[in-house]
Amino acid sequence: MIDWKQEVEKRRDDLIHDLQALLQIESVLDPESAKEGAPFGEGIDRALTHFLEKGEADGFSSKNLDGYAGHLEFGEGEELVGVLCHLDVVPAGDGWSSDPFAAEIRDGRIYARGAIDDKGPTMAAYYAMKIVKELGLDVSKRVRMIFGTDEESNWRCVKHYFKQEEMPTIGFAPDADFPIIYAEKGIFDCEWKQSSAVGAGEGEGARLVSFDSGRRLNMVPDYAEAVVEGLSEEVEASFNAFLADTGLTGEVAATDGRYTFKLEGVSVHGSKPETGKNAGLFLAEFLSAYSFEGDGDAFIRFVNEYLTSDSEGTKLEIADSDEVSGPLTLNAGIMRYTVEEGGKVGMNLRYPVSHDFERTRGILEEASAQFGYELNEIEHLAPHHVPEDHPLIKTLMSVYEEQTGEDGYLISIGGGTYARSLDAGVAFGALFPGEDELAHQKDEYIDIENLMKATAIYAQAIYELAK
C-alpha cells in the first residue's frame with residue numbers, strides 16, 4: 001500500500017522551492033507586451049514556458065499551443081484524465097505586508113499573488129502527477145495536466161486549446177475548495193455603456209467631471225474616486241458624516257471649487273460580492289443625494305437605482321436561487337464616467353444552474369435603455385453540474401475521506417473554474433474547510449502543511465482515476 005503523504009514529504013523542499021520560483025513570475029495579463037506566441041503578455045508567457053520546460057526536464061511530454069495554453073502528459077491508453085490549472089493571476093493591488101511577488105515564507109505560509117489561486121494548487125497537482133510517474137505505477141489511461149493562461153479574464157486559452165486538442169474523459173480542476181465542487185453557476189460578464197447622451201451640459205445641478213472605480217469585473221472594487229464641480233462647502237461635512245455612518249475610510253479635498261472624493265472599500269472575489277464593500281457603489285450612493293447635469297446625472301441614477309445596496313439583483317427583479325447552486329449574485333466591478341465619453345458600468349453576474357438566463361438578459365437590456373445605455377456582452381459561461389452519483393465524484397470523495405479522515409460533501413459555487421470546460425469535470429481543492437478565502441485579496445497565501453496534504457490527495461486521486 002502506498003503512503004502518499006510520505007511520498008510527498010520526501011519531496012517537500014523541492015516542492016516549496018519550485019512553487020516559490022513560479023510565484024515570483026508576475027503572470028498578470030498585459031496586452032501591451034502581447035505578441036504572436038505570447039497573446040497575453042510577457043509575464044504570462046514566462047510562466048507557461050517555465051512550467052513546460054520544467055515538465056520536459058522531469059520526463060513528461062509537453063506541448064505549447066501558440067502561447068494560449070499548454071500541457072504535460074504521461075501514460076498510455078485510449079482514455080484521458082485531465083487536470084486543468086491556470087498560471088495567470090489577477091493584479092496584486094495595494095496594501096500587502098510584503099512584496100506580492102517575492103513568495104516570502106512567514107509562519108508556515110507562502111505569501112504571494114497566486115499562492116492559492118492557482119499556482120499553489122497547480123504545483124501540488126504537478127508534484128502529485130510526478131509522484132505517480134516516478135513510482136512507476138501501472139496506469140491504463142493517459143494523464144494530462146493542462147495549463148490555461150487567461151482564466152482570470154475571458155478564458156480565451158481553453159477555447160483555443162479545445163479547438164485543437166481532445167476533451168479529457170474525466171478530470172478535475174485544483175482551483176477552488178475541498179471536498180468537491182460539483183456545480184458552478186452560470187457567469188455573464190457584460191458592460192453597460194452610454195449610447196444616447198443626454199448632453200453633458202444640459203439640465204440643472206452640479207457637474208460630474210469624472211468617476212473611476214474598479215479594474216476587473218470579477219473583483220469587488222476597493223477604491224473609488226470622483227471629481228465634482230458646483231457643490232457647496234457643506235458637502236465636505238456631509239461626506240465625512242457618510243464615512244462615519246458606513247464605517248468606511250475616505251477623504252474629500254477642494255481646489256478652486258472642484259471637489260475630489262476618495263473612498264476605500266474592501267475587495268473580495270466577484271463571486272461573493274456580499275462579503276466585500278464596493279467602493280464605487282458606496283460613492284455613487286453618496287453622490288445620489290445631489291443633482292447633476294445631463295450625462296452625469298444619468299450615470300449616478302443608473303448605478304444607484306439598479307446596483308447600490310443590492311448584490312442579488314432584487315432591484316432589477318432578476319433575483320433567483322435553487323437548491324443546487326444557491327442565489328444569483330451580481331458585482332459592479334468597473335464603473336467609469338468622464339464628461340467626454342459618458343458612463344459605463346461593467347458587471348459580473350452569476351446565476352443558478354436552473355435560472356432562466358434569457359429572461360434576465362432581456363430585463364438587463366430594458367433596464368439599460370431607460371437611462372440611455374446599451375448592454376454589451378463580454379463573456380457568457382453556461383452553468384455546470386455533474387450528478388452526485390457520477391463515478392468521478394465517487395472516486396474523488398473516497399480519496400478525500402481516506403486522506404483526511406473526514407466526511408466528504410458536495411459544494412456548489414458562484415466562481416468559475418476550468419472544470420466547466422470538461423464534459424465530466426469537477427473542482428477539487430485546494431482550499432480546505434475552515435481556511436480563509438484570500439483569492440484576489442491582499443496578503444494571499446497558501447499554508448505549507450495544507451499544500452503537502454493537498455498534494456497527497458491529488459496523487460492518490462490521479463492514480464485512482466488512471467489505473
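**Salt bridges and a buried aspartate in a predicted model**

User: Lys10 and Glu7 both lie in which helix, and how many residues apart?
Analyst: This is a predicted model. Lys10 and Glu7 are both part of one helix, with a spacing of about one turn. That helix is H1 (residues 4-10), and the two positions are 3 residues apart.

User: What is the N to O distance where the side chains of Lys10 and Glu7 meet, and is Glu7 buried or exposed?
Analyst: Lys10 counts as exposed because its relative accessibility is 58%, and the cut-off is over 50%. Glu7 has a relative accessible area of 10%, so Glu7 falls under the 20% limit. The two side chains form a salt bridge with N to O at 3.2 Å, and Glu7 is buried.

User: Which residue forms a salt bridge with Arg11, and how many residues apart in sequence are the parts that the pair ties together?
Analyst: The closest N and O atoms of Glu134 and Arg11 are 2.9 Å apart, in a salt bridge. Glu134 lies in helix H4 (residues 119-134) and Arg11 in the loop between H1 and helix H2 (12-23), so the pair ties together separate parts of the sequence. Arg11 counts as buried at 13% relative accessibility, while Glu134 is partly exposed at 42%. The partner is Glu134, and the parts are 123 residues apart.

User: Where does Glu449 lie, given that its side chain and that of Arg12 meet in a salt bridge?
Analyst: The N to O distance in the Glu449 and Arg12 salt bridge is 3.0 Å. Arg12 is in helix H2, and the pair ties together parts 437 residues apart in sequence. Arg12 is buried at 18% relative accessibility, and Glu449 is partly exposed at 47%. Glu449 lies in helix H11 (residues 448-466).

User: How far away from Asp310 is the nearest side chain of opposite charge?
Analyst: Asp310 sits in the loop between helix H8 (294-306) and strand S15 (321-322). Asp310 is buried and has no salt bridge. A salt bridge needs the nitrogen and oxygen within 4 Å. The nearest side chain of opposite charge is Lys315, at 6.1 Å.

User: Which backbone nitrogen does the side chain of Asp310 reach at 2.9 Å?
Analyst: Asp310 touches Lys315 and Leu330, leaving aside residues up to four places away in sequence. A polar atom of the Asp310 side chain lies 2.8 Å from the backbone nitrogen of Lys315. The backbone nitrogen reached at 2.9 Å is that of Thr314.

Note on methods:
Residues are numbered from 1 along each chain as its sequence is written. This is a predicted model: local features need pLDDT of at least 70, side-chain atom pairs count only at pLDDT 80 or more; totals for chains, interfaces and linings use all residues. Side-chain values use heavy atoms; hydrogens and water are left out. Helices (H or I, at least four residues) and strands (E, at least two) are DSSP runs, numbered from the N terminus. Buried means under 20% relative accessible area, exposed over 50%, partly exposed in between (1.4 Å probe, protein chains only). Lys and Arg count as positive and Asp and Glu as negative; His and the chain ends are not counted. A polar contact is a pair of N or O atoms within 3.5 Å; within protein, one must be able to donate a hydrogen and the other to accept it, and residues adjacent in sequence count only if both atoms are side-chain atoms. Contact means heavy atoms within 4.5 Å.
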